[in-house]
Amino acid sequence: MPKSGQDYVYDSARECERLERQTALLDPERLLHAVRPAPGARILDAGSGSGAVARMIAERHPDTEVVGMDLKPDYVAYARRFAEARGLANLSFEEGDVQALPFPDASFDRVWSQFVLYFLPRPEAAIAEFRRVLRPGGRVAVALHEGTFMTLYPESLALQARTERVTLGLQDLRIARRLPLMLRAAGFADITVEVELDPIYTAIGPIADGPRRNLVEITDAALPRVTEILGGRTEAEAYLTDLLAWLDDPDTCSYSFIWTVSGVVPL
């Protein structure tokens, strides 16, 4: 997670539970394909949140060592409790900042980071740190949303304008398209980009119950920031009401994408 609690706009006392439910909406095979665990590999989940993805990797690949890391102590404590309850001896969690990783050089074979970089004040610093802690031949994979709530049909000019203003005010949802050059500048090679529809926020017709709940929870947590962006609590609440009404409409489509950008440390 980001440098300070204030930077992570979705932080709340219930955030770890939300992250668990959100991970359940994603395709586990996609996640494992992106991470590409290998026997004996040491894997870092940078910005691990509730620890859901790190747990999944550790459970499915007991021959790897998985380290989850997050800035927020309460998230780390939550993740540790769940890992201990599952008896996962190959999984641990540490507290730390992805922009200044608390690990030695060349200490991991894989670095995975999902839905984190667009909250950071210095994403380039995180990329440089991923490069530093990876061994020669090691691989990084960064997954980020792209276009969420900004690709709507049929277009509503009033809603679209507010959606772009709010969405880009909360997080940099256009960073994914810059990532390949950021990885190259940090010294990565064999850079690839995989783009897929995001199952959380892509909806043909009304949004499903699970994604809708997820949206309500994150917008509730982000309401103070949305209020700042739109200039008032009344304006913020009206926007969120309008967005949900649009997403509930059976005659609308909302498209969201996940970009997974990967690179390899040259041998």
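In the predicted model, an open sheet with mixed pairing is built from seven strands in the order β3-β2-β1-β4-β5-β10-β7; strands (E, at least two residues) and helices (H or I, at least four) are DSSP runs numbered from the N terminus, and two strands pair if DSSP finds at least two bridges between them. The edges are taken by β3 (91-95) and β7 (189-197), each with a single partner strand, so one side of each lacks a neighbour in the sheet. From one strand to the next, the twist averages 15 degrees. Angles run from 0 to 180 degrees between N-to-C directions, with axes fitted as lines to C-alpha atoms, for helices over the stretch in contact.

Strands β1 (residues 42-46) and β4 (residues 108-114) pair in the parallel sense over three bridges. The bridge partner of aspartate 45 is tryptophan 112 in β4. Helix α2 (residues 28-35) packs on the sheet and touches β1, β4, β5 (134-146), β7 and β10 (257-264), contact meaning heavy atoms within 4.5 Å. The direction of α2 makes about 140 degrees with that of β4. Helix α5 (residues 123-133) also packs on the sheet, touching β1, β4 and β5, and its direction makes about 150 degrees with that of β5.

The axes of helices α6 (residues 157-170) and α8 (residues 209-230) come within 10 Å and cross at roughly 125 degrees. Arg165, Val166, Gly169 and Leu170 of α6 make the contact with Ala222, Arg225, Val226, Ile229 and Leu230 of α8.

Residues are numbered from 1 along each chain as its sequence is written. Local features need pLDDT of at least 70, side-chain atom pairs count only at pLDDT 80 or more, and totals for chains, interfaces and linings use all residues, while side-chain values use heavy atoms, with hydrogens and water left out.
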